[in-house]
Structures are given as structure tokens and as C-alpha cells.
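Reader: I am new to this structure. Could you walk me through it?

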Amino acid sequence: MELTVYLAGQIHDDWRNDVKAQAKEKKLPLQFVGPQENHERSDNIGEAIMGEQPDKLYRDDAASSINNFRTQVLLHKSDAVIALFGENYKQWNTAMDASAAIQLRKPLILVRPKSLIHPLKELSNQADVTVETIDQALDVLSYIYE
């Protein structure tokens, strides 16, 4: 049985590659989907599809609509969600994706460091499982196959 896992979180570094490599190492039958990882493409998709916008507000709004559409389609098709909160970036998109997963009743594994226990306490309480590392998140998924 192969599961599709949505990887929610910031797109500024290659943490998703770490997840994929660790999953492959553990021989987990997982397929991964997530947000557009090319930041420039994500920011420019509205104008790429709908044409030049009158100002930054409309540009961001157009891109947000299309990125949200992508997220909704991929979340609906996912069997589970891993939402990674790190310490280096603002995590608004991660919080939004995790909240959408909760709303859709998708099984959610929240990954957050100890330093974010307090600011994420309500979201953590709504997640199915909260862990501190990617490795722990993959161990949770691995347990499905035992």
C-alpha cells in the first residue's frame, strides 16, 4: 500500500529532500506532494496565468488564489500530512496548510522544535501526532506498515 503524504512547510530550503531521502532509506512506500517549491514560480504564477496585475496587492492575490487551489487539490488527494515548523522562517503558510488538513480531517503529523511548543500549543493539540524531528514523523508513518 502506497500512501501520498503532503509536505506542508516553508519552501526556502531543501527539508523535503531530507524527508524523501529518509523515507527511501527506510524503504517506505510513500509518494510526496506539496506546495510549489520554486519560490519565484509561486510568487509569479498569478501573472503568468492571468497577465500583469495593476500592483503588488493584486499580484499577490492572484498568486494566492492559484497556490491555494493547488494546495486544496493536493491536500484532498493526500492520505496524510506532515507539517514542519522550523525556527528560521515565518510559518504562516505552514499554519494555514496544517489548519486546512485538520479541517479536511486528514491525518496530521506536526513537526516542531521544543522552542515552538508554546506558540503552537493549540495547533499541536489539534494534530493527530506532534513530534520534534522529521525522523520521528517518518517513524510514525513507518508504524502503519508493521
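**A residue, a strand and a pocket**

Reader: Is I134 buried or exposed?
Author: This is a predicted model. I134 has a relative accessibility of 16%. The cut-off for buried is under 20%. I134 therefore counts as buried.

Reader: Which residues does I134 touch, leaving out those up to four places away in sequence?
Author: I134 lies in helix 6, residues 134–144. With residues up to four places away in sequence not counted, I134 touches W15, V19, Q22, L84 and V111.

Reader: How many residues of strand 3 are buried?
Author: Strand 3 covers residues 80–84. A80, I82 and L84 point one way, V81 and A83 the other way, and all are buried. Strand 3 is largely enclosed by the rest of the structure, because the buried count is five of the five residues.

Reader: In strand 4, what is the bridge partner of A83?
Author: Strand 3 pairs with strand 4, residues 108–111, in the parallel sense over four bridges. A83 has its bridge partner in strand 4, and that partner is L110.

Reader: In strand 3, what is the bridge partner of V5?
Author: Strand 1, residues 3–8, pairs with strand 3 in the parallel sense over four bridges. The partner of V5 in strand 3 is A80.

Reader: Which helix supplies the largest share of the lining of the largest pocket?
Author: The largest pocket has a volume of about 680 Å³, and 26 residues line it. Helix 2 (39–50), helix 3 (56–77) and helix 4 (92–103) each supply at least two lining residues. The largest share is eight residues, and it comes from helix 3.

Notes: Residues numbered from 1 in each chain as written. Predicted model: local features only at pLDDT ≥ 70, side-chain atom pairs only at ≥ 80, totals over all residues. Heavy atoms only, no water. 1 Å grid on protein atoms, 1.4 Å probe; cavity = no way out; pocket = protein on both sides within 12 Å on 5 of 7 lines; lining within 4 Å. Points joined across faces, edges and corners; volume = space filled by probe spheres on them. Buried < 20%, exposed > 50% of the residue type's maximum accessible area, 1.4 Å probe, protein only. Contact = heavy atoms within 4.5 Å. Pairing = 2+ DSSP bridges.
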